[in-house]
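Trainee: I have a model open and want to learn how to read it. Where do we start?

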Amino acid sequence: MNESKNVKALKKQLAAAIAMVCVAAVALGSSTYAWFVSNNKVDATTTNISAQSNSAYLVIEAGSQTTTNSKTSATGTEKTHGDDTALYPAQWKNNFNAEGTKVEANGVYQFESAYASTPDAATEKSGTRFKVGNPTTAVEQDYALLNTFYIGSGTYDGEFQNLTVSNMTVTETGTTGLKTGMRLLIMAYAPNKGEGGTVTYGDTATSWVVAKYNDGQTATIESQSNGKTDGIVYTPKFGKSEGDVKVEVYAYYDGADDNVKTTNLINLKDCGATVTFNATPDEFGK
């Protein structure tokens with residue numbers, strides 16, 4: 001009887017807890033340029049992506065759907081590029097329509113880039129901004145690096161909601177000043193469970209969040225698909241019954257950051273980022 005009470009008490013504690021998943025994204029290293037000054041690229045070195053959970057229910061896998069009940073950490077590598085990749089500077093903005101025509105308002109969010117006014121400043125040269133394209137195009141054309149994760153409950157019975165990008169930290173081996181220039185675009189894809197329990201995903205993300213290390217000390221949400229800044233990237237239930245949420249993490253350099261400029265080239269290297277996800281157990285609201 002006492003054992004049964006203890007189990008029930010433990011379940012209540014777990015239901016009230018906030019599940020957390022930490023994803024160490026990619027380390028962008030070597031060198032970078034503020035926008036374009038010539039045909040130079042940013043050298044980016046990818047590292048393994050790892051993730052861990054402090055919840056008894058929430059688990060994560062890199063590159064495949066969750067299949068265990070004990071996956072408290074996962075390690076993956078960036079699949080599209082090699083270990084040493086050069087990246088162009090970019091931004092996730094909506095200054096163009098889908099065809100690439102400049103618009104005054106309500107354009108399509110996609111990757112964009114531009115040229116710098118001078119080598120010693122991150123100031124954008126007027127009239128040089130252009131459309132790069134969607135995230136797939138940005139990866140193919142060396143503007144971003146991609147890693148994919150699946151967040152769910154594995155073989156546990158747990159279910160969650162409100163998957164949230166709650167924090168981002170950046171580490172660097174020296175005083176490079178690149179912390180504020182790193183951006184992470186996090187896109188979530190809804191699970192579609194069919195007959196036999198097979199889960200598939202569409203080509204369109206349900207929502208996205210851009211996180212930045214605001215002042216080199218604290219993280220903020222720079223932009224979000226619904227116009228808010230709460231970091232919620234997926235609202236509906238997910239887990240045992242519905243399936244995992246697919247999460248794509250795109251890492252890139254913001255060419256407009258004050259520290260990302262050609263004259264600071266030698267110091268802009270060896271940075272890595274970690275993004276933290278929180279999810280609320282479904283039982284929490286009951």
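This is a predicted model: local features need pLDDT of at least 70, side-chain atom pairs count only at pLDDT 80 or more; totals for chains, interfaces and linings use all residues.

Trainee: How many residues line the largest pocket, and which lie nearest its centre?

Mentor: The lining has 16 residues. Nearest the centre are Pro135, Met187, Tyr189, Asp203 and Ala205. By type, the lining divides into 9 nonpolar, 4 polar and 3 charged residues.

Trainee: Which elements supply at least two residues of that lining?

Mentor: Look at α2 (135–140), β12 (182–189) and β19 (245–253). Of the elements, β19 gives the most, with 3 residues.

Trainee: Now the sheet. In what order do β7, β8 and β9 stand?

Mentor: The order is β7-β8-β9, in an open sheet with antiparallel pairing. β7 (91–93) and β9 (130–133) each have a single partner strand, so one side of each is left without a neighbour in the sheet. From one strand to the next, the twist averages 50°.

Trainee: How many bridges join β7 to β8?

Mentor: There are 3 bridges between β7 and β8 (residues 110–113). Take one of them: Gln91 has Glu112 in β8 as its bridge partner.

Trainee: Where is Ala98, and what does Ala98 touch?

Mentor: Ala98 is in the loop between β7 and β8. Leaving out residues up to four places away in sequence, Ala98 touches Val108 and Lys131. Ala98 and Lys131 are 33 residues apart in sequence, yet their C-alpha atoms are 8.9 Å apart in space. With a relative accessible area of 43%, Ala98 is partly exposed.

Trainee: Where do Asn106 and Asn162 sit?

Mentor: Asn106 is in the loop between β7 and β8. Asn162 is in strand β11 (residues 159–172).

Trainee: Is Asn106 buried or exposed?

Mentor: Exposed means over 50% relative accessible area. Asn106 has 76%, so Asn106 counts as exposed. Asn162, at 25%, counts as partly exposed.

Conventions: Residues are numbered from 1 along each chain as its sequence is written. Side-chain values use heavy atoms; hydrogens and water are left out. On a 1 Å grid over the protein atoms alone, a cavity is a set of points where a 1.4 Å probe fits but cannot get out, and a pocket is an open set with protein on both sides within 12 Å along at least five of seven lines; lining residues have an atom within 4 Å of a point. Helices (H or I, at least four residues) and strands (E, at least two) are DSSP runs, numbered from the N terminus. Ala, Val, Leu, Ile, Met, Phe, Trp, Tyr, Cys and Pro count as nonpolar, Asp, Glu, Lys and Arg as charged, and the others, Gly among them, as polar. Two strands pair if DSSP finds at least two bridges between them. Axes are lines fitted to C-alpha atoms, for helices over the stretch in contact, and angles run from 0 to 180 degrees between N-to-C directions. Buried means under 20% relative accessible area, exposed over 50%, partly exposed in between (1.4 Å probe, protein chains only). Contact means heavy atoms within 4.5 Å.
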